[in-house]
Amino acid sequence: MSTRQKVTLILSGLFLIFFISMIIIVSLSFRNFGIESAEKRAMLTAEVVKSGLTAHMVNGIMDKRLYFLNQIENIENVSALWVARSQTVINQYGEGLNNEIARDEIDKRVLRNGKTAQELTETATKSTLRMTIPFKASAFGTTNCMTCHDAKEGEVLGAVSMVIDISDIRGSSLATVGYTALLAIIIMLAVLLVVNKFLKPYVNIFYSIRDVMLAAYNGNYSKRVDGGDTNESRSVAEMLNSLLEKLQKVFEEIDKKVYIFLQNKNKDISHDPLVNINDTIDKLSEIYKFKQTIEHDENLEDIYERLAYLFKTKFKLADFTIIEADTLSGIKKVVYSVNGCHCDLADGQCRADRINSIVDSTIFDQTCSKFHEEGLEHLCIPYSISNELNIIISIVTKDKEESLRVRNLVGLIEDYIATARPAIVSKKLMQILNKMARVDQLTGMFNRKYLDEFAETAIPQALRSKVPYGILMIDIDFFKMINDTYGHDVGDEAIRVVSRVIKESIRSSDIPIRFGGEEFIVLLHNCDRTHIKEVAEKIRKNFAIQSISAGSETFTKTLSVGAVMFPDDSNSIWKCIKYADIALYHAKEHGRNQVVCFDESLLKNGDMKNSF
């Protein structure tokens, strides 16, 4: 049902209610008016009868009252009239003419209670009003009733009953109601026609606006509003069409340009540019929050943790690994993994990194020889972070359907990786700089700065955990002679040789440090006195057989070692290093090319042990 039809129907209903209400009100008004007119006529007639009978009694002609009463009964519309005496009057004067006594219960009630009574009788053809009006004795009126009647003040002396025909009033009221109804119908029809004609252009523009808004809701902003014939509707249509045209241009421009902030356009693109813009802005907002967060992370590991959290919560990835690939050295390092890396990276080879393209096992079975998990699918996605660093995201799924879902996320994952790229590069550079600040460039060993930090952080923990360390102080014998004889380049080569020997002679948990010049310190983790002696001798012997090149000739050198146990010899790491230096000095003083383990007897001043 159209709006115009609804308005017409509502107005018709309201007019019908108004019409029925008006007919009822007019009918009731005329009826009440007729009844009130008949009541007034009856009261006037009763007063005439009372006055006439009083005059007859005063004049002593009560025996002639019948004529008077008959004349009154002949008044127009008075169908019947009679007088009823009260018991007091009957006792005094008798029943009177024509048995002037109460004829029915109404007369008796009025004579008994002295209250006027009326009764309306309506049939299909006639309407009558019966009224019974009491006469009461009074000594204070124009005539003193007490002079003729043995009665008390206010006592009922009699009653006049009459029946008045009000059929003519009902007929005239029905005619009036009919004319009124006809006039009301004519007015209502005229109003409906006028309203319908007035509403038509506005209803039409309403439907036009509705169709345009529906099209806009579905993403089509090209439809325009039809203004119709009136100036008002055309003005509204022009304003709306101008607004729609601006919106269409703005949405189209934003829809085209907003994607420059994303690496990949959403594949599930909608026909509605507003929906696309909203989705893109939501993504940009989330990416921006991610960017703000990682910019304040302290180190690279924190950023990888953020990415992993994102993969788990937003992308619902259950099994994935983040791999760092150094493009210069070819070294691959797992920086985060949920269930462990499923690829064999021992030789540093990775197909996704080598071809710089996605490796998807759903496209071709066993596409990568490094993946050996049966019954699982994998998707490896390489991302270039800088000239020296790539990141490979290896995602493992249980079936091809899940792999397809993950493949659809590749673009969005790339957006987050691209957002994190500057922070990763920055943190990686800081990581390299920190490493360079703590690593000796000639030997690749840790330097004195690293030792300072290690003593501050790791040594207190070792004391709490009761983990012992063996400390070796190593120095090349007669190193100055090498520099003086062959030059500093050969001296640097000798230092590189001894550093290589040290690295080859210790475990991965042990820490080699270039302490300065030709001096080295080795921290042997979880070591005892037997092991520290064995490692020190191994280093000494292995170095003694190394050939050091000096142009066209080669030579060999020896080294001396001082050894001490932390915390057995002292619970101060710096005191232990000093003790190792004392043992080393003792070795050099007593022939060199030997290992000396610290003993308190080596101290020349016994108070030294309390100086740290």
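Predicted model: local features only at pLDDT ≥ 70, side-chain atom pairs only at ≥ 80, totals over all residues.
**Entry 1: helix 13 against helix 14**

I began with helix 13 (residues 479-486) and looked up how it sits against helix 14. The two axes come within 7 Å and cross at roughly 140°. On the helix 13 side I listed Phe 479, Ile 482, Asn 483 and Tyr 486, which meet His 488, Val 490, Gly 491, Ala 494 and Ile 495 of helix 14. Sorting the residues of this contact gave me six nonpolar, three polar and no charged.

**Entry 2: helix 14 against helix 15**

Next I followed helix 14 (residues 488-505) to helix 15 (residues 529-544). Here the angle is about 140°, and the axes lie 9 Å apart. This pair is therefore oblique as well, and helix 14 passes helix 15 in a right-handed crossing. From helix 14 I noted Ala 494, Val 497, Val 498, Val 501, Ile 502, Glu 504 and Ser 505. Helix 15 brings Val 535, Lys 538, Ile 539, Asn 542 and Phe 543 to the contact. My tally for these residues is eight nonpolar, two polar and two charged.

**Entry 3: Thr 45**

Last, I turned to helix 1 (residues 3-58), where Thr 45 is found. Is Thr 45 buried or exposed? Its relative accessibility is 6%, so I put Thr 45 down as buried. Leaving aside residues up to four places away in sequence, I found Thr 45 touching Ile 72, Leu 81 and Met 162.

Terms used: Residues numbered from 1 in each chain as written. Heavy atoms only, no water. Axes fitted to C-alpha atoms, helices over the stretch in contact; angles between N-to-C directions. Helix = DSSP H or I, 4+ residues; strand = E, 2+ residues; numbered from the N terminus. Parallel < 35°, antiparallel > 145°, perpendicular 65-115°, else oblique. Left-handed = near helix turned anticlockwise from the far one by under 90°. Contact = heavy atoms within 4.5 Å. Nonpolar A, V, L, I, M, F, W, Y, C, P; charged D, E, K, R; others polar. Buried < 20%, exposed > 50% of the residue type's maximum accessible area, 1.4 Å probe, protein only.
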